[in-house]
Amino acid sequence: MFPTQKSMNTDKITDRMLGCLYGQAIGDALGLGSEFMNKDEVGKNYPDGLCKYEQIIQDAHRRRWPIGAWTDDTDMMLCILSAFENGKFNVYKVAQNFKDWFNGEPLGIGGHTFKVLCMSDYVEQPEMCSEIWWSLSRHQSAANGALMRTSVVGLAHDNVEIQATEICKLTHYDPRCIGSCVIASLIIHNLVWNNYGLSYNEITEIAKKFDERIIEWVDLAYQKVDISALDLDERYSIGYTLRTLAAALWCYWHVSSFEAGLLAIVNEGGDADTNGAIACAILGAKFGYSSIPGYYIENLNNRAMYQQKITTFINQITDAKA
């Protein structure tokens, strides 16, 4: 019995979905090893380059997590994943999941996200709480805390732009954040479902819909062959959503394998776990689960739980598509 064209296509889609979701966790887990370091510090701590979980130094920041563990980036992605029902993400359930996670006193939560989730009426009025904190920042706060978790939204089979927008605005109201999430989610969606990579022109057209400031970072990622030009370890803006978007786009356009992109990102330092999470989610969707070296999958902390959650989700979403 030969496999049908439909079954082969389904297998490829599943491979890209698994690649995306494992890429998210792997980039997050290995990126923890260089999070908040500048590039010189990365070189001193990892003279041969950071490439293995067990290399991660056990300083006061990193020893809070087991070796090979993901951080808040993937925790929040799982909050979104767990709210998938009836063919879409239930945004109200996502907000409740965020609040329940927050009440568990998670490690590594970003300052902007913390401020929004600590509000007493967050679950009832999440978008209002998000907008309040953005207004209090004089519309300057554009952190990467929504982009880091958006990968799974790209796996929805339709209405991706709407869903990415709604889920972003649960904590991050700035149009730069929303545009970043929509761009990353649509890249992932087209890679997974259509085996198609959005072009530079298509991405810049999406950017224009949200904020013209996004375009200069898209251009930077597209034009620069050397990742160091992105200054991912820049001290005062490592958590800027557009810097993280540029890191992901640079990998999307310039690397030839999942591992090459993973190692390029984590060895630049800066907000390396967040940069790694979204960049490697995109690379996993592009190259597939089958392209990821087994070491990174097999040595991921709490892998059995993760596998169960993402397998259940993939079954749900493929059933909804059928």
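## How to read the model

Residues are numbered from 1 along each chain as its sequence is written, and side-chain values use heavy atoms, with hydrogens and water left out. Because the model is predicted, local features need pLDDT of at least 70 and side-chain atom pairs count only at pLDDT 80 or more, while totals for chains, interfaces and linings use all residues.

## The largest pocket

Rolling a probe the size of a water molecule over the atoms shows where empty space is left. On a 1 Å grid over the protein atoms alone, a pocket is an open set of points with protein on both sides within 12 Å along at least five of seven lines, and a cavity is a set where a 1.4 Å probe fits but cannot get out; lining residues have an atom within 4 Å of a point.

The largest pocket has a volume of about 310 Å³, meaning the space filled by probe spheres set on the points, which are joined across faces, edges and corners. Its lining holds 23 residues, and Gly108, Gly110, Gly111, Asn144 and Asp271 lie nearest the centre. Seven of the lining residues are nonpolar, eleven polar and five charged (Ala, Val, Leu, Ile, Met, Phe, Trp, Tyr, Cys and Pro count as nonpolar, Asp, Glu, Lys and Arg as charged, and the others, Gly among them, as polar).

## The cavity

There is one cavity of 30 Å³ or more. The residues around the largest cavity are Leu32, Ile56, Gln58, Arg62, Trp65, Pro66, Ile67 and Gly68. They divide into five nonpolar, two polar and one charged.

## The nonpolar core

The largest nonpolar core has 108 residues, and Leu21, Ile26, Tyr306 and Phe313 have the most contacts inside it. Such a core is a set of buried Ala, Val, Leu, Ile, Met, Phe, Trp, Tyr and Cys residues joined through side-chain atoms within 4.5 Å. Helix H8 gives the largest share of this core, twelve residues.

Start with Asn190, in helix H8 (residues 175-194); helices (H or I, at least four residues) are DSSP runs, numbered from the N terminus. Asn190 counts as buried because its relative accessibility is 13% (buried means under 20% relative accessible area, exposed over 50%, partly exposed in between, with a 1.4 Å probe and protein chains only).

Next, Val123 lies in the loop between H5 and helix H6 (126-136). With a relative accessible area of 22%, Val123 is partly exposed. Val123 and Gln96 are 27 residues apart in sequence, yet 5.7 Å apart in space, C-alpha to C-alpha.

Definitions and conventions. Helices (H or I, at least four residues) and strands (E, at least two) are DSSP runs, numbered from the N terminus.
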